[in-house]
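Biologist: Please put the model on the screen. I am new to it and will ask one thing at a time.

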Amino acid sequence: MATGRTHRPATRSRGIPEATVARLPLYLRALTALSERSVPTVSSEELAAAAGVNSAKLRKDFSYLGSYGTRGVGYDVEYLVYQISRELGLTQDWPVVIVGIGNLGAALANYGGFASRGFRVAALIDADPAMTGRQVAGIAVQHSDELEKIISDNGVSIGVITTPPGVAQQVCDRLVAAGVTSILNFAPTVLSVPDGVDVRKVDLSIELQILAFHEQRKAGEEHEGTAPPVAAHQDSSEQGPDGDVPAVMPA
């Protein structure tokens, strides 16, 4: 069975933009749902709506894959699932280690979507001796002293960090030194890595803060919507370019 250490996806060498690569998993998720419902073909408009993008962007993205669909028919669902999976490197086995088996690490270990998407949790690692040997998702937790040997023995190139922020960089350094070249970081800190190492950061608190911003903006718009209308005799000297709204509101 091929592993991530010996085979790597060819997206960059084929000149596929990073923005397109970031959308491919969205298309794959939507296509997989269609496949599970035995839907044979899908139009660009339908697939774009399911993936949350506009259809013109979807067609442009697929053009990088050499897939243009058939006029009046659309795209073949099963072929696109295969094509995108191949481009993302999901037609091979990717062993993954999760470092830091607290609540979040354990939840990720129990996530059933890894195996169906080409990822195999090869090892769970934690620095707490009390965790060593404990079964999580049917896998025995191993001590962090064994990290380098575990990575070497399993041919791991992808590491997931779910440790406290204070030790995340140290863990990252050890992963990289052991040969890991891609890291998914859940620790709320910015990691420093050498060239050739890819890091994807997942910060739930930042996502919640962004949602709070949108909630605040929506509340402000609702408040503005209840404001009394502007008087019809407003002085023209206070009107903006369109003649109805002041160009600069008074302080």
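Biologist: Which residues does S144 touch, not counting residues up to four places away in sequence?
Modeller: S144 is placed in the loop between β6 and α7 (147–154); helices are DSSP runs of H or I with at least four residues and strands are runs of E with at least two, numbered from the N terminus. A touch, or contact, means heavy atoms within 4.5 Å. With residues up to four places away in sequence not counted, S144 touches I125, D126, A127 and R174.

Biologist: What pLDDT do local features need in this model?
Modeller: Residues are numbered from 1 along each chain as its sequence is written, and side-chain values use heavy atoms, with hydrogens and water left out. The model is predicted: totals for chains, interfaces and linings use all residues, side-chain atom pairs count only at pLDDT 80 or more, and local features need pLDDT of at least 70.

Biologist: How far apart in space are S144 and I125, C-alpha to C-alpha?
Modeller: S144 counts as buried because its relative accessibility is 11%; buried means under 20% relative accessible area, exposed over 50% and partly exposed in between, using a 1.4 Å probe and protein chains only. I125, one of the residues that S144 touches, is 19 residues apart from S144 in sequence, while the C-alpha distance in space is 5.5 Å.

Biologist: In what order do the seven strands stand in the open sheet?
Modeller: Two strands pair if DSSP finds at least two bridges between them. The pairing is mixed, and the order is β5-β6-β4-β3-β7-β8-β9.

Biologist: Which residue of β9 is the bridge partner of S182?
Modeller: Strand β8 (residues 182–185) pairs with β9 in the parallel sense over four bridges. In β9, the partner of S182 is D198.

Biologist: What angle does the direction of α8 make with that of β7?
Modeller: Axes are lines fitted to C-alpha atoms, for helices over the stretch in contact, and angles between N-to-C directions run from 0 to 180 degrees. Helix α7 packs on the sheet against β3, β4 and β6, and its direction makes about 165 degrees with that of β4. Helix α8 (residues 165–177) also packs on the sheet, touching β3, β7 and β8. Its direction and that of β7 make an angle of about 170 degrees.

Biologist: How many residues of strand β3 are buried?
Modeller: In a regular strand, side chains alternate between the two faces of the sheet. In β3, W94, V96 and I98 point one way while P95, V97 and V99 point the other, and all are buried. Strand β3 (residues 94–99) is therefore largely enclosed by the rest of the structure, its buried residues being six of the six.

Biologist: At roughly what angle do the axes of α2 and α3 cross?
Modeller: The contact is made by S44, E45, L47 and A48 of α2 with S55, L58, R59 and F62 of α3. The axes come within 8 Å. Angles of 65 to 115 degrees count as roughly perpendicular, under 35 as roughly parallel, over 145 as roughly antiparallel and the rest as oblique, so α2 is roughly perpendicular to α3. The crossing is at roughly 100 degrees.

Biologist: Is S38 buried or exposed?
Modeller: S38 is found in the loop between α1 and β1 (41–42) and has a positive phi of about 60 degrees, although it is not a glycine. Because its relative accessible area is 64%, S38 is exposed.
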